[in-house]
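Here are some notes for a colleague who is opening this entry for the first time. They are set out as numbered points, to be read with the model in view.

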Amino acid sequence: MLLKKNWQEKRTLFTFLLPAILILLVSQAYPILYSLSISFRQWALAESLKPKGFVGFNNYIKAFKDPIFLNAIRISFVFCIVATSFEIILGFIIAYFTVGENFFLRLSRTILILPMVIAPVANGTIWRMMLNSQSGLINQLLRFIGIQGPNWLGAPGSALFSVIAIDIWQWTPFAMVVFLAGFSIIPNELYDAAKVDGAGRLKTLRYIIIPYIIPIGFIVLLFRLVDTLLVIDAIYTTTFGGPGFSTNVITLFIYWQALRYFNISYASATSWILSIFTLLIALSLMRFQKRVQTKMWGA
Amino acid sequence: MKRVWYVVIALTLIFCINVYGGGKKEEVPAAITFSLMAAGTYDKAAEDIKAAFEKETGIQVTIAAFPWATLRQNNTTDLLTGSGQYDVMSGSYYLADVYEHFISLEDYIKKSGFGKGLLSGFMDKCEHFNGNQIGLPYGPDAYGMLYRKDLFDKGELTWPKTWDEFMVLLPKMKGIADANGMATVVFSGGAPEQAPCLFFDKYDGYFITRGGKYQLEKDKSIAVLNANKELLKYMASDFMGLSIDDANARFLDEKALIIICWPSFIVAAADNPQKSKVVGKWALGKSPTPGRPWLSLWQIYISKYSKNPDASWQWAAAYINEENDVRFFKQYGIGPVFESTYKNPEFVSKYSYYFPSQAYNLTRAVNPPLSGEAQDYFASVLGEFGLGKLSEQGVVDKVNAKWATIPVPTAMLENAKLTGQVQK
């Protein structure tokens, strides 16, 4: 009797879930599987409106032989590692110094969050103007103090540095907000106990805050690593991948292949390479997080 | 009884006549949509003639103007999906991948006699597909050089006719520029897509081999890159960070002796005392030989998916004609395509420092037969050359290696043959 009731309940639940499952299947699973199938076929929209024959792993082999794509992977990883590291470290430091409830701290937090709420395209456009070597605000300020500012977006090294800096400027507040939330879950008793034990600020940070914050740090790390690997807006609006290929990241490469040159199958294959990379990074990170947590807090 | 039959037959006839077209039909006016760039010029000109055109023809016109990148995307998507949202489209050679989706204009051209009086060779410079013309030209421009004629005259220099003469004169030009506290040459090196202009204007080799593959002619390319390497020494030291507007501002602010630019982007400002310190001091140089200056030629195409191709043609022909050529140039500064406008006495005397050279440069200018992918790659590699990261030989090897993998769109091959850019 109980078994029958259970089954009936499950059936009712499934009936209610069915529309949502169908929508998900149509809107997400189908395009994903379709793009996977396209990546094994030959399809340039300019040649034909329909995909042509099966070409096996040709598109994937082509990608790994393509120096522009390999360079794009390198640039993406540099971007991802440098930007994420700075965003997490700076986000933590800012959160640490702005935690609290007085008016000025609240005001500073509100102001510090602002970059995050600007649309990335607007953000890129504003920075492109500010980094203009002639009329940009940054070089004007540098000139004011007697320094000849560099050609921020016109030289390979400084262009990559600039787009990374733009990402850091925009997304450090995200890390800050999450860390601030993390600080709030640390029980006050722990601080009190530490005070009684004579722990100073540094020791409290080392033995109480950091161990508590590490799981949250992993979440920020995961979000930012994935997000920086998928960055396109800031680069599209500032350097468009140049000068030369110095800021040409994977997402921009895929965008060009798909929407400028209409090489749909090649774009699908490179998208899948990016997705697999991203998935591997996310999985390794989650595994690492589990190991760290087990080590710190036990099983 | 007979009478009843007559009535029935009569009623049936009336019914049939009404059903099969004899009845009064509601006439639906033809409606077309014209997509073009939101530039404050071409779109304004279209708006300007819209009302009169609608009144005269009864055809309803919707003008859909977008920024360049959006226009390119919208047009291409519309054609590839066969939506037929835009009947008449504005574009250029970068649409080569989708030429097959435009209708042939040959019959319309033959019937109307369109093309008479256009600048020499302009019908050939329009895009063709399967031997048929698919585009009609308007708003042309040719990459060129504006120079400080007053300072050239003062220094007793005449504008060089060949690139060899130009290179020989460069030290003298630098002397003049230095004496006036300005850069010798300024160029928008910070706009990566502009880099190929410095190559195209000196290169008269082929871009496509006899076998139909993209390739640079080695010796000629190296010679051009050598000349450019020398030219780069005379550029403003920070030219790699200059946008088109920055570079233009330098010239307008008397901080450069020569600017390499799209003239249509600067001429109006250069003649405006509110915006320029060089009013009456500049001239457009005739592009030195050899080489083919980079042509920017907007064209009007009619989509294969248009439900009203005849109405679309009527609109295209109303937009591009001798009368509007003068009117649009006067009102919006749109580059003329008709010879008569360049010979218009009012303009000839008023723009003697610009018009003859522009007409000359336009007749020499061509669109390079490069697909978007081939041109983007070329521009990026030239950017690396400009930064000193690649040698001349390195550029040619790198470009040719990549180009060997990029297919030449059939339509590009056709146009390259018409403009002499295929290996002989």
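Predicted model: local features only at pLDDT ≥ 70, side-chain atom pairs only at ≥ 80, totals over all residues.

1. Helices (H or I, at least four residues) and strands (E, at least two) are here DSSP runs, numbered from the N terminus.

2. Residues are numbered from 1 along each chain as its sequence is written, chains are lettered from A and ligands numbered from 1 in the order in which they are written, and side-chain values use heavy atoms, with hydrogens and water left out.

3. Chain A contains 12 helices and zero strands, so its radius of gyration of 24 Å, well over the 19 Å that the globule rule gives for 299 residues, marks it as more spread out than a compact globule. That radius is taken over C-alpha atoms, and the rule is 2.2 Å times the number of residues to the power 0.38. Along the principal axes, the C-alpha atoms of chain A fill a box of roughly 85 × 75 × 35 Å.

4. Chain B, by contrast in its elements, has 19 helices and 11 strands. Its C-alpha atoms fill a box of roughly 110 × 50 × 35 Å, again taken along the principal axes.

5. How much of each chain is buried, where buried means under 20% relative accessible area, exposed over 50%, and partly exposed in between (1.4 Å probe, protein chains only)? In chain A, buried residues make up 42% of the 299 residues, and in chain B 56% of the 424 residues count as buried.

6. The accessible surface, which comes from the Shrake-Rupley method with a 1.4 Å probe and for residues takes only the protein chains shown as cover, is about 17100 Å² for chain A, with 73% belonging to carbon and sulfur atoms. For chain B the surface comes to about 18600 Å², of which 55% belongs to carbon and sulfur atoms.

7. For the charges, Lys and Arg count as positive and Asp and Glu as negative, with His and the chain ends not counted, and the place of a charge is NZ of Lys, CZ of Arg, CG of Asp or CD of Glu. Chain A has 24 positive and 11 negative side chains, the centres of the two sets lying 8 Å apart. In chain B, the mean positions of the 44 positive and 46 negative charges are 2 Å apart.

8. Contact means heavy atoms within 4.5 Å. Among contacts with a separation of 6 or more in chain A, 66% are between residues 24 or more positions apart; for chain B, 75% of the contacts between residues at least 6 apart in sequence join residues at least 24 apart.

9. Asn151(A) is buried, with a relative accessible area of 18%. Not counting residues up to four places away in sequence, Asn151(A) touches Ser133(A) and Ser158(A) and also Asp238(B), Met240(B) and Gly241(B).

10. Most residues other than glycine have a negative phi, and most peptide bonds are trans. Phe240(A), not a glycine, has a positive phi of about 55° and counts as partly exposed at 24% relative accessibility. Glu254(B), also not a glycine, has a positive phi of about 60°, and it lies in the loop between α10 (244-252) and β9 (256-261) of chain B.

11. Two cis peptide bonds deserve a check by eye: one joins Gly242(A) and Pro243(A), with omega about -5°, and the other runs from Thr289(B) to Pro290(B), with omega near -5°. Pro243(A) is in the loop between α10 (233-238) and α11 (250-260) of chain A, while Pro290(B) is in the loop between β10 (282-285) and β11 (295-302) of chain B.
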